[in-house]
Amino acid sequence: MQTAMSAMTAVNSPVSNAGLSENSPKPNGISSTASTPFSSLLTDAVGQVSSLENQARATVDGLMTGSGVDVHQAMIATQKADMTFELALAVRNKAVAAYQQVMGMQF
Amino acid sequence: MNMEVETRLSEQVARYMDLAASEAKLTAANMANIDTPGYQALGMDFEAEMREALSGVDDDRGPRPVHVKTVEGLIARPDGNDVSMDRESLNLAEAQLKFKTGVALLRQEYQRLMDAIHVDK
Amino acid sequence: MNLFGLMETSGSAMQAERMRAEVVATNMANAETTRTASGRPYRRQMVVFAANQGDSGFATSLSDAANQNIARLPTPGSQGDAAAGVHIAAVVEDSAPPLKRYDPGHPDAGPDGFVSYPDINPLTEMVDLMGATRAYGLNGSAVQAEKSMISSALEIAKT
């Protein structure tokens, strides 16, 4: 099961800054003896998306209350949050697809 | 796994736009005070600030404060005011163009990133 | 001060220049007024421009704004209150002595037969008006430029 999990991690995400390579069975920073590295990856990703969204919301609030935030800064922050969300979504979809693929295998 | 989607180029362009906005603000302040006695025109060295901003992106520093100083070489009128209408109009047009260029570059970069994220769609 | 604050700056200048033009118009209208409500002849009025508070702290607020990391936002209202721009500090009366013309038959003639007229030169007033118009137009075009910048900023996220 551990090798299956590693394979799923390696298969997902066409774009990511994590440095996961297609062929390595052991992704960076994750030891093969860790219990659930994959779910923590996803939770971590969701946490980052959420914090970026909070930042974006704070920027927009700052814009609306006139406290010195520029229009373009607010737009950039919201755009970043959107793109990070899209990335996380793509990763999740890939992961789910890979998982289903693995689960569908006949042993 | 770092999910934050940003590239070196997008950060640089964001700083470029910040600087263009600062230049516009300075120019607007100068224009508003064209009739204020004794007012000295304020300015900033765009190229120097941009160089510093670019190296800041590389070193992963945050944005630095813009150095505002009075412009040299301007001729003062009898009331002490040295704001030149032509100079300020030109600066404002430049700042506006820089800003819009930044917007275009940024949109392009974001489009590229979105295409990469959705490469399988 | 953000990009919206830019419009306030230019707007303040337009307002100040318009007031200046109004004062010029008042001067020209009262060029021959020998008796105002206070009984004395009309005195030429002038406006005094003064930069808004924010201009002295302009460098600070600019540096605050430029120093903003998206991750470290200031609390609302902590800065951005410094509004740059200009305002009319005062409308003062010219202290120049009035023009005197000899006209004993005039109802406002003094005991010596001279009538006091305000010392208003139409040429001076016209030049002043032209200056006000020019500055008004300059700041008006600044507002246009700022509007354009803000609209193009809004397009960053347009897909």
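**Chain B, layout.** I read the elements of chain B from the N terminus on as α-β-α-β-α. That comes to 3 helices and 2 strands, where helices (H or I, at least four residues) and strands (E, at least two) are DSSP runs, numbered from the N terminus.

**Ground rules.** I note that this is a predicted model, in which local features need pLDDT of at least 70, side-chain atom pairs count only at pLDDT 80 or more, and totals for chains, interfaces and linings use all residues. Residues are numbered from 1 along each chain as its sequence is written, while chains are lettered from A and ligands numbered from 1 in the order in which they are written.

**Chain B, overall form.** I looked up the spans of the C-alpha trace of chain B along its principal axes and found about 70 × 25 × 15 Å. Chain B has a radius of gyration of 18 Å, whereas a compact globule of 121 residues would be near 14 Å; the radius is taken over C-alpha atoms, and the globule rule is 2.2 Å times the number of residues to the power 0.38. I see 44% of the 121 residues of chain B counted as buried. Buried asks for 20 or more other C-beta atoms within 10 Å of a residue's own, exposed for 12 or fewer, and partly exposed lies in between, with C-beta atoms placed from the backbone. Of the contacts in chain B with a separation of 6 or more, 79% join residues 24 or more positions apart; a contact is two C-beta atoms, placed from the backbone, within 7 Å.

**The core.** Which residues have the most contacts inside the largest nonpolar core? I get B:A20, B:A24 and B:F99, in a core of 70 residues. Such a core is a set of buried Ala, Val, Leu, Ile, Met, Phe, Trp, Tyr and Cys residues joined through C-beta atoms within 7 Å. Elements of chains A, B and C each supply at least two residues of this core, among them α3 (71-103) of chain A, α3 (85-117) of chain B and α4 (122-154) of chain C. The most comes from α1(B), with 13 residues.

I find B:A24 in helix α1 of chain B. Why does B:A24 count as buried? Because B:A24 has 24 C-beta neighbours inside 10 Å. Leaving aside neighbours within four places in sequence, B:A24 is in contact with B:L92, B:A95, B:Q96, B:F99, C:L6, C:E146 and C:M149. I also looked at B:F99, which touches B:M17, B:A20, B:A21, B:A24, C:M149 and C:S152, not counting residues up to four places away in sequence.

**Interfaces.** The contact of chains B and A takes 17 residues from chain B and 22 residues from chain A.

**Confidence, chain A.** I checked pLDDT, the predictor's confidence in each residue, from 0 to 100. Chain A has a mean of 72, and 66% of its residues reach 70 or more. In chain A, confidence is lowest in helix α1 (residues 2-11), at a mean of 41, and highest in α3(A), at 88.
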